[in-house]
Every structure is written in C-alpha cells, then in structure tokens.
Amino acid sequence: MNESSTSPGPAPSPEIDTSVPHSARVWNYWLGGKDNYPVDRVAGDQYREIFPGIVDTARAARHFLARAVRYLAGQEGIRQFLDVGTGLPTVDNTHEVAQRVASDCRIVYVDNDPLVLAHARALLTSSAEGRTDFIDADMRAPEKIVRAATGTLDLTRPVGLMFMGVLGHVDDYEEARSIVRRLMDALPSGSFLALADSIDVGAAHREASRRYKDSGAVPYHLRTPEQVTGFFAGLEPVEPGIVPIQRWRPEPDPFGPPREVATLGGVARRP
C-alpha cells in the first residue's frame with residue numbers, strides 16, 4: 001500500500017482548506033507523495049476507479065517536464081525558465097533538472113495557491129551560480145508576471161516558458177490561449193514554449209472529470225487535440241511536434257514502452 005494512503009497528511013495552515021479536494025494535493029497523491037489529506041485521496045481514488053489511466057498520466061507528465069527542461073538547457077542553451085502554475089514540489093522540479101545541466105540557470109516559479117506558497121521555500125534552493133525565485137500571481141495576469149519576473153530574469157535573452165498541466169483550470173479556451181500568447185509576446189525571439197495539457201479521450205474520462213468537479217474541487221477542463229495544438233500557434237515546434245507526451249523524445253525504459261496517456265504536449269520556438 002502507498003504510504004500516503006495511510007498517513008494523516010501534513011499539518012494544515014489556517015489558509016488551507018482540507019474539507020474539499022485540492023488539485024495539487026490530488027496530483028501529489030497520484031504521484032505517491034505525502035502532501036495530501038484524506039479528502040484528496042478519496043477524490044483521487046474515485047477518479048482512478050473510473051479512469052485508471054490518470055495515474056500513468058500524472059507520472060508521464062513529470063517525466064515529460066524533465067525531458068523538456070533537459071532538452072532546452074542542454075541542446076538549445078536556454079538558461080532562464082518561467083514555470084507558470086508550479087504545483088507542489090516533488091522530485092525533479094524545474095530548477096533541479098535545469099541546474100544539473102547548467103548550474104547558472106535561473107528559474108522563476110509562478111503560482112497563487114496558498115498551499116503551493118506554503119511549500120515555496122522547497123523550490124527556492126539553487127546552485128551558487130544560478131538563482132530561483134517565486135512569484136505569487138495568478139496566471140490570468142500575464143503583465144504582472146512579466147513585471148515581477150524581470151527581477152530575476154533578463155527578458156532580452158531567451159526564456160523557456162512552461163505550462164505543465166495547468167491551463168485546464170481556465171474554463172474559457174480563448175482566455176487560456178490569450179494567457180499563453182501574452183506571455184510569449186513578452187519574451188524575445190529564440191524563447192521556447194513547453195506545454196502539456198489533458199485531452200478528452202472518451203466517456204470514462206469525461207465522467208471522472210465531472211465527478212471530480214462535483215466533489216467541490218476546482219474543475220479541470222479537458223481540451224481537444226486541436227485546442228492543445230492551438231496553444232502553439234505562431235511558434236515553430238521542435239521534433240516530434242505536438243504529440244502524446246510519452247512519445248515526445250522518449251528515453252530508454254527498462255520496463256518497456258510507456259503507456260499511452262491522455263495528455264498532449266510539445267516544445268516550440270518563438271521565431
């Protein structure tokens with residue numbers, strides 16, 4: 001049995017509501033973490049019972065993040081990252097992956113969730129040569145994010161902009177596209193977008209998502225493949241393009257080929 005399924009969870013702060021499921025904590029539970037509460041584990045188990053592939057999806061998303069950051073830092077020479085919708089710290093966070101490739105990388109995390117903010121100090125470790133910072137901001141306020149990021153990042157030089165499984169929290173698709181576009185427009189040519197988002201793969205997936213919303217959790221809106229591809233409009237995708245994330249530059253796995261997951265993603269350059 002996963003240890004997180006029996007532990008009582010971390011002591012809550014006054015601002016953290018443990019009476020309803022929380023997406024970051026549920027995600028943490030699917031990844032085998034301990035930063036979750038019974039209400040999150042119930043919601044996570046209910047989702048998994050209807051749509052078992054969600055656990056594979058959560059794990060594949062973490063692996064995709066690591067591969068994308070390693071590619072950007074290692075092959076494209078990116079030394080600055082803006083990670084929007086950070087989520088709870090776990091293994092191989094953006095700054096850890098990037099600074100293993102190049103110790104002088106600078107990373108800015110963005111989130112406005114009280115739970116994530118409570119854990120932010122775990123994300124603020126850094127190599128001596130690099131730097132990490134955290135911005136308390138809603139992703140719906142791109143201009144605020146850009147202003148705050150200039151304290152750490154040099155926005156005259158290329159930046160890796162990251163949206164990893166967060167844009168589904170924005171109900172309106174055009175608003176979500178606008179968020180991505182406005183942030184990319186603030187970055188110079190040679191910057192990259194690394195993005196992954198869940199797609200609707202059938203009735204079981206939709207039912208699991210509906211019940212998750214009914215639990216009181218903040219809903220996550222499933223997109224179509226065409227909508228996820230639309231986030232990259234005007235950019236130049238690197239090979240193999242916008243694909244199921246387990247197929248994006250896969251690495252050798254001793255356990256065999258990765259399972260198909262309900263998330264599309266890719267990396268694309270601003271020309």
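Visitor: What is the angle at which α6 and α7 pack, and how far apart are their axes?
Guide: The angle is about 30°, and the axes are 9 Å apart. Axes are lines fitted to C-alpha atoms, for helices over the stretch in contact, and angles run from 0 to 180 degrees between N-to-C directions. Helices here are DSSP runs of H or I, at least four residues, and strands are runs of E, at least two, numbered from the N terminus. The model is predicted: local features need pLDDT of at least 70, side-chain atom pairs count only at pLDDT 80 or more, and totals for chains, interfaces and linings use all residues. Residues are numbered from 1 along each chain, and side-chain values use heavy atoms, without hydrogens and water.

Visitor: Why is α6 called roughly parallel to α7?
Guide: Angles under 35 degrees count as roughly parallel, over 145 as roughly antiparallel, 65 to 115 as roughly perpendicular and the rest as oblique. The angle is about 30°, so α6 is roughly parallel to α7.

Visitor: Which residues of α6 and α7 meet?
Guide: Pro142, Glu143, Ile145 and Val146 of α6 meet Ile179, Arg182 and Leu183 of α7. Contact means heavy atoms within 4.5 Å.

Visitor: What makes Leu82 stand out in the largest nonpolar core?
Guide: Leu82 is among the five that touch the most other members, with Leu161, Phe163, Leu193 and Leu195. A nonpolar core joins buried Ala, Val, Leu, Ile, Met, Phe, Trp, Tyr and Cys through side-chain atoms within 4.5 Å. Buried means under 20% relative accessible area, exposed over 50%, partly exposed in between (1.4 Å probe, protein chains only). This core has 35 residues.

Visitor: Which element gives the most to this core?
Guide: α7 does, with six residues.
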